[in-house]
Amino acid sequence: MKYCRHSQILLFCLLVNIFIFLLLFLSQPGTNDHKHKQGRPKSIGGKFTVVIIEFEEFENDIPNTVDSILNLFPDVNILIVSKKLPYPPVDVSQDNVKVVVRDQASSDPKKWGDPSFYIKTKYVLLIPDSVRLHNGKKLKNFNYEKLNTIDGARIAAFPVGSNYQCSKLKVDYRHWTMSYTDKTYDGVCDAISGTSKVVLLLQSSHLANLSEPFLRPYPEGLFIQFASKGWKTTVYDNNIFTPGKELFTDTHKRWKADQKKNERLLRMYKRFGIKLINENGVENWYGCNKQTARCFGTVIDDMPEYIYQGRLTPPCCMRHLKETTRYVLSTLVKSGVSYWLEGGSLLGAVRNGDIIPWDYDVDIGIYQHEISKCSQLQLVQESPQKRYTDDQGFVWEKAREGEFFRVQFSETNHLHVDIFPFYEKNGIMTKNTWFKTHRQDSEFPAHYLKPLTTLDFAGIKASVPNNYREFLELKFGKGVIENPQFPNPKKMKKRKKTSLGDR
(Lines give C-alpha, C1' and ligand atoms only; values in the text may rest on other atoms or scores of the structure.)
Protein backbone atom coordinates (compact mmCIF):
# COMPACT_ATOMS: atom_id res chain seq x y z
CA MET A 1 0.00 0.00 0.00
CA LYS A 2 2.78 2.38 0.90
CA TYR A 3 4.48 1.65 -2.45
CA CYS A 4 1.27 2.36 -4.42
CA ARG A 5 0.65 5.59 -2.55
CA HIS A 6 4.20 6.73 -3.32
CA SER A 7 3.76 5.93 -7.04
CA GLN A 8 0.54 7.88 -7.21
CA ILE A 9 2.24 10.93 -5.71
CA LEU A 10 5.06 10.72 -8.26
CA LEU A 11 2.62 10.36 -11.16
CA PHE A 12 0.62 13.33 -9.93
CA CYS A 13 3.75 15.50 -9.69
CA LEU A 14 4.81 14.43 -13.16
CA LEU A 15 1.45 15.37 -14.64
CA VAL A 16 1.54 18.76 -12.90
CA ASN A 17 5.01 19.45 -14.31
CA ILE A 18 3.92 18.46 -17.83
CA PHE A 19 0.90 20.73 -17.55
CA ILE A 20 3.02 23.69 -16.40
CA PHE A 21 5.54 23.02 -19.17
CA LEU A 22 2.79 23.03 -21.83
CA LEU A 23 1.39 26.31 -20.51
CA LEU A 24 4.82 27.94 -20.67
CA PHE A 25 5.53 26.51 -24.14
CA LEU A 26 2.24 27.60 -25.67
CA SER A 27 2.59 31.10 -24.24
CA GLN A 28 5.83 31.68 -26.21
CA PRO A 29 5.48 33.78 -29.44
CA GLY A 30 5.61 31.77 -32.65
CA THR A 31 5.20 28.34 -30.98
CA ASN A 32 1.56 27.77 -31.84
CA ASP A 33 0.95 28.37 -35.56
CA HIS A 34 0.86 31.28 -37.98
CA LYS A 35 -2.57 32.30 -36.69
CA HIS A 36 -1.21 33.46 -33.33
CA LYS A 37 2.07 35.21 -33.96
CA GLN A 38 2.63 37.88 -31.33
CA GLY A 39 2.50 41.49 -32.54
CA ARG A 40 1.15 40.51 -35.97
CA PRO A 41 -2.38 40.84 -37.39
CA LYS A 42 -4.39 37.64 -37.12
CA SER A 43 -7.00 38.56 -39.72
CA ILE A 44 -7.55 41.00 -42.57
CA GLY A 45 -11.28 40.68 -42.03
CA GLY A 46 -12.15 39.94 -45.67
CA LYS A 47 -10.85 43.32 -46.75
CA PHE A 48 -9.04 42.19 -49.89
CA THR A 49 -8.40 39.23 -52.18
CA VAL A 50 -4.86 38.48 -53.30
CA VAL A 51 -4.37 37.80 -57.02
CA ILE A 52 -1.14 36.45 -58.51
CA ILE A 53 -1.08 36.73 -62.33
CA GLU A 54 2.57 37.20 -63.22
CA PHE A 55 4.63 34.02 -62.97
CA GLU A 56 6.27 31.41 -65.20
CA GLU A 57 5.36 27.75 -65.13
CA PHE A 58 8.90 26.48 -65.73
CA GLU A 59 10.32 28.30 -62.69
CA ASN A 60 8.47 30.18 -59.98
CA ASP A 61 8.39 30.95 -56.28
CA ILE A 62 4.64 30.85 -55.76
CA PRO A 63 4.55 28.49 -52.72
CA ASN A 64 6.84 30.79 -50.73
CA THR A 65 5.05 33.91 -51.96
CA VAL A 66 1.75 32.42 -50.82
CA ASP A 67 3.18 31.32 -47.46
CA SER A 68 4.53 34.80 -46.74
CA ILE A 69 0.97 36.12 -47.03
CA LEU A 70 -0.77 33.34 -45.13
CA ASN A 71 1.77 33.52 -42.30
CA LEU A 72 0.39 36.99 -41.54
CA PHE A 73 -3.15 36.74 -42.89
CA PRO A 74 -4.18 33.07 -42.73
CA ASP A 75 -7.79 33.82 -43.66
CA VAL A 76 -7.15 35.81 -46.87
CA ASN A 77 -8.26 34.29 -50.16
CA ILE A 78 -5.55 33.93 -52.80
CA LEU A 79 -6.15 33.41 -56.53
CA ILE A 80 -3.38 32.16 -58.81
CA VAL A 81 -4.47 33.08 -62.33
CA SER A 82 -3.14 31.13 -65.31
CA LYS A 83 -4.21 30.88 -68.95
CA LYS A 84 -3.99 27.09 -68.77
CA LEU A 85 -3.44 24.59 -65.99
CA PRO A 86 0.19 25.15 -64.90
CA TYR A 87 2.67 22.41 -65.62
CA PRO A 88 4.59 21.51 -63.54
CA PRO A 89 1.67 21.91 -61.11
CA VAL A 90 1.79 24.78 -58.62
CA ASP A 91 2.50 23.29 -55.19
CA VAL A 92 -0.18 24.83 -52.96
CA SER A 93 -2.68 22.91 -50.85
CA GLN A 94 -4.39 25.48 -48.58
CA ASP A 95 -8.19 25.62 -48.82
CA ASN A 96 -8.23 29.40 -49.38
CA VAL A 97 -5.74 29.25 -52.28
CA LYS A 98 -7.24 28.57 -55.71
CA VAL A 99 -5.70 28.17 -59.17
CA VAL A 100 -8.02 29.87 -61.70
CA VAL A 101 -7.56 28.52 -65.22
CA ARG A 102 -8.68 31.08 -67.82
CA ASP A 103 -9.08 28.55 -70.65
CA GLN A 104 -11.88 26.37 -69.37
CA ALA A 105 -12.90 23.08 -70.96
CA SER A 106 -15.93 23.28 -73.25
CA SER A 107 -17.95 21.31 -70.70
CA ASP A 108 -17.26 23.77 -67.87
CA PRO A 109 -19.09 27.06 -67.14
CA LYS A 110 -17.33 30.14 -68.48
CA LYS A 111 -17.45 31.82 -65.06
CA TRP A 112 -15.07 29.21 -63.64
CA GLY A 113 -12.29 30.75 -65.70
CA ASP A 114 -13.10 34.34 -64.69
CA PRO A 115 -11.10 35.45 -61.62
CA SER A 116 -13.70 38.17 -60.96
CA PHE A 117 -16.20 35.42 -60.15
CA TYR A 118 -14.15 34.50 -57.07
CA ILE A 119 -13.45 38.05 -55.84
CA LYS A 120 -16.01 38.89 -53.15
CA THR A 121 -14.02 41.56 -51.30
CA LYS A 122 -14.10 45.33 -51.78
CA TYR A 123 -10.39 45.49 -52.60
CA VAL A 124 -7.96 43.39 -54.57
CA LEU A 125 -4.21 43.10 -54.04
CA LEU A 126 -2.25 42.20 -57.18
CA ILE A 127 1.10 40.59 -56.39
CA PRO A 128 3.76 39.33 -58.82
CA ASP A 129 5.66 36.13 -58.17
CA SER A 130 8.60 35.97 -55.75
CA VAL A 131 7.48 38.72 -53.38
CA ARG A 132 7.27 38.61 -49.59
CA LEU A 133 4.70 40.31 -47.40
CA HIS A 134 7.02 41.82 -44.82
CA ASN A 135 4.85 44.12 -42.71
CA GLY A 136 1.27 42.91 -42.31
CA LYS A 137 0.41 45.53 -39.70
CA LYS A 138 1.12 48.40 -42.10
CA LEU A 139 -0.93 46.76 -44.80
CA LYS A 140 -3.83 46.15 -42.42
CA ASN A 141 -3.73 49.73 -41.14
CA PHE A 142 -3.37 51.26 -44.60
CA ASN A 143 -5.90 54.04 -45.30
CA TYR A 144 -8.07 52.19 -47.82
CA GLU A 145 -10.43 55.15 -48.12
CA LYS A 146 -7.80 56.81 -50.30
CA LEU A 147 -8.78 54.38 -53.04
CA ASN A 148 -12.46 55.34 -53.01
CA THR A 149 -11.96 58.62 -54.86
CA ILE A 150 -13.94 59.14 -58.05
CA ASP A 151 -11.22 61.25 -59.65
CA GLY A 152 -7.47 61.30 -59.23
CA ALA A 153 -5.40 58.49 -57.79
CA ARG A 154 -7.39 55.26 -57.57
CA ILE A 155 -4.50 52.81 -57.30
CA ALA A 156 -1.92 52.31 -54.55
CA ALA A 157 1.46 50.97 -55.65
CA PHE A 158 4.04 49.34 -53.39
CA PRO A 159 7.36 48.97 -55.23
CA VAL A 160 9.37 45.91 -54.25
CA GLY A 161 12.83 47.41 -54.21
CA SER A 162 14.14 50.87 -55.03
CA ASN A 163 15.00 50.57 -58.74
CA TYR A 164 11.79 51.90 -60.24
CA GLN A 165 10.79 54.90 -62.36
CA CYS A 166 7.66 57.02 -62.11
CA SER A 167 6.43 57.83 -65.63
CA LYS A 168 3.83 59.85 -67.46
CA LEU A 169 1.93 57.59 -69.85
CA LYS A 170 -0.21 58.90 -72.69
CA VAL A 171 -2.33 56.40 -74.61
CA ASP A 172 -3.67 57.71 -77.92
CA TYR A 173 -5.86 55.00 -79.45
CA ARG A 174 -6.92 57.35 -82.24
CA HIS A 175 -3.34 57.49 -83.49
CA TRP A 176 -2.46 53.91 -82.41
CA THR A 177 0.33 55.24 -80.20
CA MET A 178 1.42 55.60 -76.61
CA SER A 179 4.31 57.46 -75.03
CA TYR A 180 6.26 57.13 -71.80
CA THR A 181 8.01 60.14 -70.30
CA ASP A 182 10.03 60.02 -67.08
CA LYS A 183 8.74 62.53 -64.57
CA THR A 184 10.11 64.13 -61.46
CA TYR A 185 8.99 61.92 -58.62
CA ASP A 186 6.05 63.39 -56.69
CA GLY A 187 4.42 60.15 -55.62
CA VAL A 188 1.72 60.16 -58.30
CA CYS A 189 2.40 58.31 -61.57
CA ASP A 190 0.65 57.08 -64.71
CA ALA A 191 2.93 54.05 -64.82
CA ILE A 192 5.79 52.52 -62.88
CA SER A 193 8.67 50.95 -64.76
CA GLY A 194 12.14 49.65 -64.02
CA THR A 195 13.57 46.40 -62.74
CA SER A 196 11.69 46.51 -59.43
CA LYS A 197 8.49 44.55 -59.09
CA VAL A 198 5.36 46.35 -57.96
CA VAL A 199 2.32 45.34 -55.91
CA LEU A 200 -0.94 47.14 -56.77
CA LEU A 201 -3.95 47.71 -54.50
CA LEU A 202 -7.27 48.99 -55.82
CA GLN A 203 -11.01 48.59 -55.52
CA SER A 204 -12.36 45.38 -57.02
CA SER A 205 -15.06 47.40 -58.81
CA HIS A 206 -12.36 49.49 -60.53
CA LEU A 207 -10.55 46.37 -61.65
CA ALA A 208 -13.79 44.91 -62.99
CA ASN A 209 -14.32 48.13 -64.98
CA LEU A 210 -11.30 47.36 -67.18
CA SER A 211 -11.59 45.55 -70.50
CA GLU A 212 -8.68 43.19 -69.71
CA PRO A 213 -8.13 43.22 -65.92
CA PHE A 214 -5.95 40.09 -65.88
CA LEU A 215 -3.94 40.71 -69.03
CA ARG A 216 -0.25 39.82 -69.05
CA PRO A 217 2.39 41.10 -68.86
CA TYR A 218 1.72 42.59 -65.46
CA PRO A 219 1.78 45.47 -64.60
CA GLU A 220 2.21 46.95 -68.12
CA GLY A 221 -1.24 45.83 -69.29
CA LEU A 222 -2.93 47.44 -66.30
CA PHE A 223 -1.08 50.76 -66.54
CA ILE A 224 -2.12 51.13 -70.19
CA GLN A 225 -5.75 50.64 -69.22
CA PHE A 226 -5.43 52.96 -66.21
CA ALA A 227 -3.89 55.70 -68.37
CA SER A 228 -6.60 55.41 -71.03
CA LYS A 229 -9.17 56.12 -68.28
CA GLY A 230 -7.14 58.92 -66.70
CA TRP A 231 -6.57 56.97 -63.46
CA LYS A 232 -3.48 57.79 -61.44
CA THR A 233 -1.30 55.60 -59.24
CA THR A 234 0.08 56.75 -55.90
CA VAL A 235 3.36 55.21 -54.79
CA TYR A 236 3.79 54.16 -51.15
CA ASP A 237 7.39 53.25 -50.48
CA ASN A 238 6.98 51.89 -46.96
CA ASN A 239 8.68 48.48 -46.99
CA ILE A 240 5.43 46.51 -46.79
CA PHE A 241 6.72 44.08 -49.42
CA THR A 242 10.24 42.83 -49.99
CA PRO A 243 11.89 40.75 -52.75
CA GLY A 244 11.66 36.98 -52.60
CA LYS A 245 13.81 34.36 -54.24
CA GLU A 246 15.86 35.43 -57.24
CA LEU A 247 14.54 33.63 -60.32
CA PHE A 248 15.97 32.81 -63.76
CA THR A 249 19.61 32.87 -62.71
CA ASP A 250 20.26 30.24 -65.36
CA THR A 251 21.08 31.85 -68.75
CA HIS A 252 18.69 29.69 -70.72
CA LYS A 253 15.80 30.28 -68.31
CA ARG A 254 16.49 34.02 -68.37
CA TRP A 255 16.34 33.97 -72.17
CA LYS A 256 13.14 31.90 -72.05
CA ALA A 257 11.49 34.30 -69.58
CA ASP A 258 12.45 37.30 -71.73
CA GLN A 259 11.06 35.60 -74.83
CA LYS A 260 7.78 34.87 -73.05
CA LYS A 261 7.43 38.48 -71.94
CA ASN A 262 8.15 39.82 -75.43
CA GLU A 263 5.49 37.51 -76.87
CA ARG A 264 2.98 38.78 -74.32
CA LEU A 265 3.92 42.38 -75.05
CA LEU A 266 3.26 41.88 -78.76
CA ARG A 267 -0.10 40.24 -78.05
CA MET A 268 -0.99 43.07 -75.69
CA TYR A 269 -0.08 45.78 -78.24
CA LYS A 270 -2.13 43.96 -80.86
CA ARG A 271 -5.07 43.65 -78.45
CA PHE A 272 -5.06 47.39 -77.76
CA GLY A 273 -4.15 48.41 -81.31
CA ILE A 274 -0.82 50.00 -80.37
CA LYS A 275 1.62 50.34 -83.27
CA LEU A 276 4.05 53.02 -82.12
CA ILE A 277 5.59 53.43 -78.67
CA ASN A 278 7.66 56.48 -77.80
CA GLU A 279 9.87 56.08 -74.74
CA ASN A 280 11.56 59.35 -73.82
CA GLY A 281 11.95 60.25 -77.50
CA VAL A 282 12.97 56.77 -78.70
CA GLU A 283 10.45 55.26 -81.12
CA ASN A 284 9.66 51.55 -81.24
CA TRP A 285 7.41 50.17 -83.96
CA TYR A 286 5.28 47.02 -83.67
CA GLY A 287 3.87 45.17 -86.67
CA CYS A 288 3.30 46.37 -90.22
CA ASN A 289 6.44 45.49 -92.17
CA LYS A 290 7.08 43.83 -95.52
CA GLN A 291 6.65 40.37 -93.99
CA THR A 292 3.31 41.07 -92.25
CA ALA A 293 -0.12 41.92 -93.60
CA ARG A 294 -1.23 45.52 -93.42
CA CYS A 295 -2.99 46.66 -90.26
CA PHE A 296 -6.51 46.52 -91.75
CA GLY A 297 -8.47 44.18 -93.99
CA THR A 298 -10.48 44.62 -97.17
CA VAL A 299 -11.90 48.13 -97.54
CA ILE A 300 -15.67 48.28 -98.11
CA ASP A 301 -17.51 51.36 -99.45
CA ASP A 302 -14.16 53.17 -99.58
CA MET A 303 -14.22 53.27 -95.75
CA PRO A 304 -11.59 51.20 -93.89
CA GLU A 305 -12.78 49.64 -90.64
CA TYR A 306 -10.59 51.84 -88.44
CA ILE A 307 -12.64 54.91 -89.43
CA TYR A 308 -15.72 53.29 -87.83
CA GLN A 309 -13.57 52.63 -84.74
CA GLY A 310 -12.81 56.35 -84.43
CA ARG A 311 -9.18 55.91 -85.48
CA LEU A 312 -6.81 57.33 -88.05
CA THR A 313 -4.61 55.28 -90.38
CA PRO A 314 -2.19 53.22 -88.26
CA PRO A 315 1.15 55.06 -88.12
CA CYS A 316 3.22 52.16 -89.44
CA CYS A 317 0.80 51.81 -92.37
CA MET A 318 1.08 55.53 -93.04
CA ARG A 319 4.86 55.36 -92.86
CA HIS A 320 5.02 52.50 -95.38
CA LEU A 321 2.41 54.09 -97.62
CA LYS A 322 4.60 57.19 -97.79
CA GLU A 323 7.63 55.02 -98.50
CA THR A 324 5.79 53.30 -101.36
CA THR A 325 4.61 56.66 -102.70
CA ARG A 326 8.09 58.20 -102.73
CA TYR A 327 9.50 55.08 -104.39
CA VAL A 328 6.86 55.00 -107.15
CA LEU A 329 7.04 58.71 -107.90
CA SER A 330 10.85 58.63 -107.98
CA THR A 331 10.76 55.64 -110.36
CA LEU A 332 8.34 57.42 -112.71
CA VAL A 333 10.44 60.58 -112.74
CA LYS A 334 13.63 58.64 -113.49
CA SER A 335 11.78 56.89 -116.33
CA GLY A 336 10.64 60.19 -117.85
CA VAL A 337 6.95 59.56 -117.08
CA SER A 338 4.84 62.61 -116.20
CA TYR A 339 2.44 62.08 -113.29
CA TRP A 340 0.09 64.12 -111.11
CA LEU A 341 -1.71 63.51 -107.84
CA GLU A 342 -5.36 62.57 -108.17
CA GLY A 343 -8.46 62.55 -105.94
CA GLY A 344 -8.01 62.43 -102.19
CA SER A 345 -4.22 62.39 -102.53
CA LEU A 346 -4.29 65.80 -104.21
CA LEU A 347 -6.78 66.94 -101.58
CA GLY A 348 -4.34 65.99 -98.81
CA ALA A 349 -1.46 67.78 -100.55
CA VAL A 350 -3.51 70.99 -100.85
CA ARG A 351 -4.85 70.84 -97.29
CA ASN A 352 -1.78 69.94 -95.28
CA GLY A 353 1.02 68.91 -97.63
CA ASP A 354 0.61 65.21 -96.86
CA ILE A 355 -1.59 62.12 -97.12
CA ILE A 356 -4.98 62.60 -95.48
CA PRO A 357 -4.56 61.17 -91.94
CA TRP A 358 -7.15 58.41 -92.47
CA ASP A 359 -6.44 57.58 -96.13
CA TYR A 360 -5.30 54.07 -96.99
CA ASP A 361 -3.88 54.44 -100.54
CA VAL A 362 -2.48 57.04 -102.94
CA ASP A 363 -3.91 57.82 -106.38
CA ILE A 364 -1.90 59.27 -109.23
CA GLY A 365 -2.53 59.85 -112.92
CA ILE A 366 -0.14 59.36 -115.86
CA TYR A 367 -0.37 59.72 -119.63
CA GLN A 368 -1.32 56.41 -121.19
CA HIS A 369 1.13 56.83 -124.06
CA GLU A 370 4.05 57.05 -121.57
CA ILE A 371 3.52 53.62 -120.03
CA SER A 372 6.26 52.12 -122.20
CA LYS A 373 8.81 54.55 -120.75
CA CYS A 374 8.64 52.79 -117.36
CA SER A 375 10.26 49.36 -117.50
CA GLN A 376 8.30 48.12 -114.46
CA LEU A 377 4.94 48.97 -116.05
CA GLN A 378 6.09 47.53 -119.37
CA LEU A 379 7.09 44.26 -117.64
CA VAL A 380 3.64 44.06 -116.05
CA GLN A 381 1.96 44.40 -119.43
CA GLU A 382 4.20 41.74 -120.99
CA SER A 383 3.98 39.27 -118.11
CA PRO A 384 1.38 36.48 -118.34
CA GLN A 385 0.70 36.98 -114.61
CA LYS A 386 0.41 40.74 -115.14
CA ARG A 387 2.65 41.40 -112.16
CA TYR A 388 6.30 41.98 -111.40
CA THR A 389 8.23 42.11 -108.12
CA ASP A 390 11.26 44.39 -108.31
CA ASP A 391 14.56 44.04 -106.45
CA GLN A 392 13.27 46.28 -103.63
CA GLY A 393 10.37 43.94 -102.90
CA PHE A 394 7.67 46.25 -104.33
CA VAL A 395 5.00 44.49 -106.39
CA TRP A 396 3.92 46.14 -109.66
CA GLU A 397 0.72 44.66 -111.08
CA LYS A 398 -2.33 45.22 -113.22
CA ALA A 399 -5.27 45.88 -110.91
CA ARG A 400 -8.08 43.34 -110.95
CA GLU A 401 -10.70 46.08 -110.79
CA GLY A 402 -9.95 47.58 -114.21
CA GLU A 403 -7.50 49.16 -116.63
CA PHE A 404 -4.99 50.64 -114.22
CA PHE A 405 -1.85 49.66 -112.30
CA ARG A 406 -1.18 49.08 -108.62
CA VAL A 407 2.15 49.10 -106.75
CA GLN A 408 2.05 47.25 -103.44
CA PHE A 409 4.46 47.62 -100.54
CA SER A 410 5.26 43.89 -100.70
CA GLU A 411 3.87 40.49 -101.59
CA THR A 412 2.35 40.26 -98.11
CA ASN A 413 1.68 43.86 -97.17
CA HIS A 414 -0.83 45.35 -99.60
CA LEU A 415 -0.49 49.06 -98.86
CA HIS A 416 -0.47 50.50 -102.34
CA VAL A 417 -0.32 53.30 -104.89
CA ASP A 418 -2.83 53.21 -107.76
CA ILE A 419 -1.64 54.50 -111.16
CA PHE A 420 -4.42 55.54 -113.55
CA PRO A 421 -3.51 55.96 -117.25
CA PHE A 422 -5.32 58.93 -118.86
CA TYR A 423 -5.44 59.99 -122.48
CA GLU A 424 -6.58 63.22 -124.11
CA LYS A 425 -9.70 63.26 -126.30
CA ASN A 426 -10.96 66.55 -127.74
CA GLY A 427 -9.17 68.53 -125.04
CA ILE A 428 -10.58 66.34 -122.24
CA MET A 429 -8.61 63.87 -120.13
CA THR A 430 -10.37 60.54 -119.90
CA LYS A 431 -9.58 56.89 -119.10
CA ASN A 432 -10.98 53.40 -119.57
CA THR A 433 -11.99 52.52 -116.01
CA TRP A 434 -14.39 54.53 -113.83
CA PHE A 435 -15.68 54.00 -110.30
CA LYS A 436 -19.29 55.08 -109.87
CA THR A 437 -18.93 55.16 -106.09
CA HIS A 438 -16.03 57.66 -106.29
CA ARG A 439 -17.55 61.11 -106.81
CA GLN A 440 -14.16 62.54 -107.75
CA ASP A 441 -13.64 60.00 -110.55
CA SER A 442 -14.49 62.15 -113.55
CA GLU A 443 -13.09 63.58 -116.75
CA PHE A 444 -11.42 67.00 -116.72
CA PRO A 445 -10.00 69.53 -119.19
CA ALA A 446 -6.43 68.80 -120.33
CA HIS A 447 -5.31 72.37 -119.64
CA TYR A 448 -5.01 71.57 -115.91
CA LEU A 449 -1.95 69.48 -116.80
CA LYS A 450 -0.30 72.10 -119.02
CA PRO A 451 1.83 72.87 -117.18
CA LEU A 452 2.01 70.84 -113.98
CA THR A 453 3.09 72.45 -110.73
CA THR A 454 4.29 71.00 -107.40
CA LEU A 455 3.17 70.74 -103.77
CA ASP A 456 4.61 69.13 -100.66
CA PHE A 457 3.36 65.57 -100.30
CA ALA A 458 4.59 62.54 -98.30
CA GLY A 459 7.92 64.22 -97.63
CA ILE A 460 8.75 65.25 -101.22
CA LYS A 461 7.72 67.77 -103.87
CA ALA A 462 5.03 66.05 -105.92
CA SER A 463 3.57 67.05 -109.30
CA VAL A 464 -0.01 68.35 -109.22
CA PRO A 465 -2.39 69.98 -111.71
CA ASN A 466 -2.16 73.74 -112.10
CA ASN A 467 -5.01 75.72 -110.56
CA TYR A 468 -5.50 72.77 -108.22
CA ARG A 469 -8.26 74.46 -106.22
CA GLU A 470 -10.43 74.77 -109.27
CA PHE A 471 -9.46 71.23 -110.30
CA LEU A 472 -10.55 69.81 -106.93
CA GLU A 473 -13.81 71.75 -106.87
CA LEU A 474 -14.58 70.47 -110.36
CA LYS A 475 -14.16 66.90 -109.07
CA PHE A 476 -15.51 67.13 -105.51
CA GLY A 477 -17.65 70.27 -105.44
CA LYS A 478 -17.32 73.76 -104.03
CA GLY A 479 -15.71 74.20 -100.63
CA VAL A 480 -14.14 70.72 -100.57
CA ILE A 481 -10.83 72.02 -99.26
CA GLU A 482 -12.34 73.96 -96.35
CA ASN A 483 -15.13 71.49 -95.58
CA PRO A 484 -13.62 68.02 -95.15
CA GLN A 485 -15.71 64.87 -94.96
CA PHE A 486 -15.27 61.12 -95.06
CA PRO A 487 -15.12 59.29 -98.41
CA ASN A 488 -18.63 57.92 -97.82
CA PRO A 489 -20.35 60.35 -95.43
CA LYS A 490 -23.79 58.74 -95.77
CA LYS A 491 -22.42 55.46 -94.47
CA MET A 492 -20.72 57.21 -91.59
CA LYS A 493 -23.92 58.94 -90.49
CA LYS A 494 -25.49 55.53 -89.95
CA ARG A 495 -22.72 54.61 -87.56
CA LYS A 496 -22.19 55.76 -84.03
CA LYS A 497 -20.59 59.20 -83.96
CA THR A 498 -16.90 59.16 -83.15
CA SER A 499 -14.34 61.72 -82.06
CA LEU A 500 -12.49 61.42 -85.37
CA GLY A 501 -14.10 64.39 -87.07
CA ASP A 502 -14.72 64.87 -90.77
CA ARG A 503 -12.55 64.44 -93.79
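**Note on charged side chains in the predicted model**

1. In this predicted model, residues 24 or more positions apart supply 67% of the protein's contacts with a separation of 6 or more. The secondary structure consists of 12 helices and 25 strands. Of the 503 residues, 46% are buried. The protein exposes about 26100 Å², and 51% of that area comes from carbon and sulfur atoms.

2. The structure contains 25 salt bridges. One of them pairs Glu59 with Lys253, with the closest N and O atoms 3.9 Å apart. Because Glu59 belongs to the loop between β1 (48–52) and α2 (62–70) and Lys253 to helix α6, the pair ties together parts 194 residues apart in sequence. Glu59 is buried, at 15% relative accessible area, whereas Lys253 is partly exposed at 31%.

3. Glu411 and Arg387 form a salt bridge in which the closest N and O atoms are 3.2 Å apart. Glu411 lies in the loop between β20 (405–408) and β21 (416–425) and Arg387 in strand β18, so the pair ties together parts 24 residues apart in sequence. Glu411 is partly exposed, at 42% relative accessibility.

4. Within helix α11 (residues 468–476), Arg469 and Glu473 are four residues apart, about one turn of the helix. Their closest N and O atoms are 4.0 Å apart, and the two form a salt bridge. Arg469 is partly exposed at 38%; Glu473 is buried at 18%.

5. Lys275, in the loop between α6 (251–272) and β14 (276–279), deserves attention. Lys275 is buried but has no salt bridge, and the nearest side chain of opposite charge, Glu305, is 10 Å away. Beyond its neighbours within four places in sequence, its contacts include Trp176, Trp285, Tyr286 and Cys295.

Definitions and conventions: Residues are numbered from 1 along each chain as its sequence is written. This is a predicted model: local features need pLDDT of at least 70, side-chain atom pairs count only at pLDDT 80 or more; totals for chains, interfaces and linings use all residues. Side-chain values use heavy atoms; hydrogens and water are left out. Helices (H or I, at least four residues) and strands (E, at least two) are DSSP runs, numbered from the N terminus. Buried means under 20% relative accessible area, exposed over 50%, partly exposed in between (1.4 Å probe, protein chains only). Lys and Arg count as positive and Asp and Glu as negative; His and the chain ends are not counted. Contact means heavy atoms within 4.5 Å. Accessible areas come from the Shrake-Rupley method with a 1.4 Å probe; for residues, only the protein chains shown count as cover.
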